[in-house]
Structure formats: C-alpha cells, structure tokens
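I opened the model today and went through it one part at a time. These are my entries.

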Amino acid sequence: MESGKGVLEMRVHEFMSHPVVTAKPDDSLLSAARAMKEQNVGCVVVMDGGEIKGILTDRDIVIRVVSPGLEPEEIRVEDVMTRQVVAIREDADIDFALNLMKNNRIRRLPVLNGSGQLTGIVSICDLARVIGRDTQNFLATVSAHLPL
C-alpha cells in the first residue's frame, strides 16, 4: 500500500481474487458445486459468451436445493443462480465496496474493468483481510470520521 494512503482509499484491483471460478448457465449444479469445492471458493460467476448472467453461491445451493430436498444432479446452474448481479469496477475504493455490499446485503462482488469484462471477484473476507493487515491505519481513518 502506498505510504500515507488510508485503507479505505485502496482500490478493488489491489486486493481482488483472480482468476474467477466460472460456470455456464446450462452446467449441472453438481459440476458447479464440485468446482467450488476444488477451488475452495464460495461462489461461481455464471458466464455466457463473455457476459455475466448470474452468480451461484454456496448459500444458493443450500437454500434452494438442499433444504427443499431436490436432486443436484438434475438441476442446471441457471435454475438456482441469482440473476440480479451487483458488480463493482476495479478502480472503486474499499469504502465504496463496503457500502455496496451493505446496501445490497451481499458478500461477494464480481469485479469489472473499464470495458465491462470480468477481471476478478471481491468478497467480504477479502475486505476483512485487507482491513486486518492495516488495522491501525483503518482505525485512524474511521476515527477521523467520528464526532468528538
């Protein structure tokens, strides 16, 4: 991190995860779940022809498939994925990412470059890791915004 730069001013591209684990809408849910396990990730971004079509999280699988007792072998990713995807630009700062997650009640944001192409993903865990590395600077930044 640049000297004197507050943690909330860091840009998403500085701490996003990449490459992103992806799936196609017509992939089986079982294959997507296996990819998540193999890559040790909590979601896959659903892509079709270079365009984001949705996001599939481990929570989606539990709530929409496991809980009602459905068979994952018989289900396609597009049947379970979240279609309303909230994404973020790679030049956005941590403060914006935190607010976007909070306001939309989500834990993961696909990251897009200036051309709108998927370049990474940022999770609440990524943010916590970055903030934890620079706790003193983070606390100073937050404290500066508090009334005396």
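Predicted model: local features only at pLDDT ≥ 70, side-chain atom pairs only at ≥ 80, totals over all residues.

**Sheet**

I began with the strand order. There is an open sheet of three strands, and I read the order as β1-β2-β3, with mixed pairing. β1 and β3 are the edge strands, each pairing on one side only.

Next I checked each pairing. β1 (residues 22-23) runs parallel to β2, and two bridges join them. Thr22 has Val45 of β2 as its bridge partner. β3 (residues 51-57) runs antiparallel to β2, with six bridges between them. I looked up two of the partners in β3: Met47 is bridged to Ile52, and Val45 to Ile55.

How much of β2 is covered? I found five of the six residues in β2 (residues 43-48) buried.

The hairpin of β2 and β3 has two residues between the strands. Gly49 in this hairpin takes a positive phi near 60°.

**Helix α1**

Which residues of α1 are buried? I list Leu29, Ala32 and Met36. They span an arc of only 65° around the axis, so they sit on the same side of α1.

I turned the helix over. The face of α1 away from the buried side carries Arg34, Lys37 and Glu38, which are exposed. I also asked what covers the buried residues of α1. The cover includes β1, β2 and β3, together with α2 (58-66) and α3 (77-80). After α1 comes Asn40, with a positive phi near 55°.

**Helix α4**

A side-chain oxygen of Asp93 comes to within 3.3 Å of the backbone nitrogen of Asp95 at the start of α4.

Then I looked at burial. Ile94, Ala97, Leu100 and Met101 are buried in α4. Viewed down the helix axis, the buried residues of α4 lie within an arc of 125°, so they line one face. Lys102 and Asn103 are exposed on the other side of α4. Just after α4, I noted a positive phi of about 55° at Arg105.

**Nonpolar cores**

Which residues of the largest nonpolar core touch the most other members? The core has 15 residues, and the answer is Val12, Phe15, Ile88, Leu109, Val122 and Leu127. Two or more residues come from each of α4 (94-104), β5 (108-112) and α5 (124-133). α4 gives the most, with four residues.

I followed up on Leu127. Setting aside neighbours within four places in sequence, Leu127 is in contact with Phe15, Ile94, Ala97, Leu98, Met101 and Val122. Ile94, Ala97 and Met101 are names I had already written down as buried in α4.

Last, I checked for another core. There is a second, separate core of 14 residues, which includes Leu29, Met36, Leu56 and Ile61. Leu29 and Met36 were already in my entry on the buried residues of α1.

Methods:
Residues numbered from 1 in each chain as written. Heavy atoms only, no water. Core = buried A, V, L, I, M, F, W, Y, C linked by side-chain atoms within 4.5 Å. Buried < 20%, exposed > 50% of the residue type's maximum accessible area, 1.4 Å probe, protein only. Contact = heavy atoms within 4.5 Å. Pairing = 2+ DSSP bridges. Arc of directions from axis to C-beta. Polar contact = N/O pair within 3.5 Å; in protein donor to acceptor, adjacent residues only side chain to side chain.
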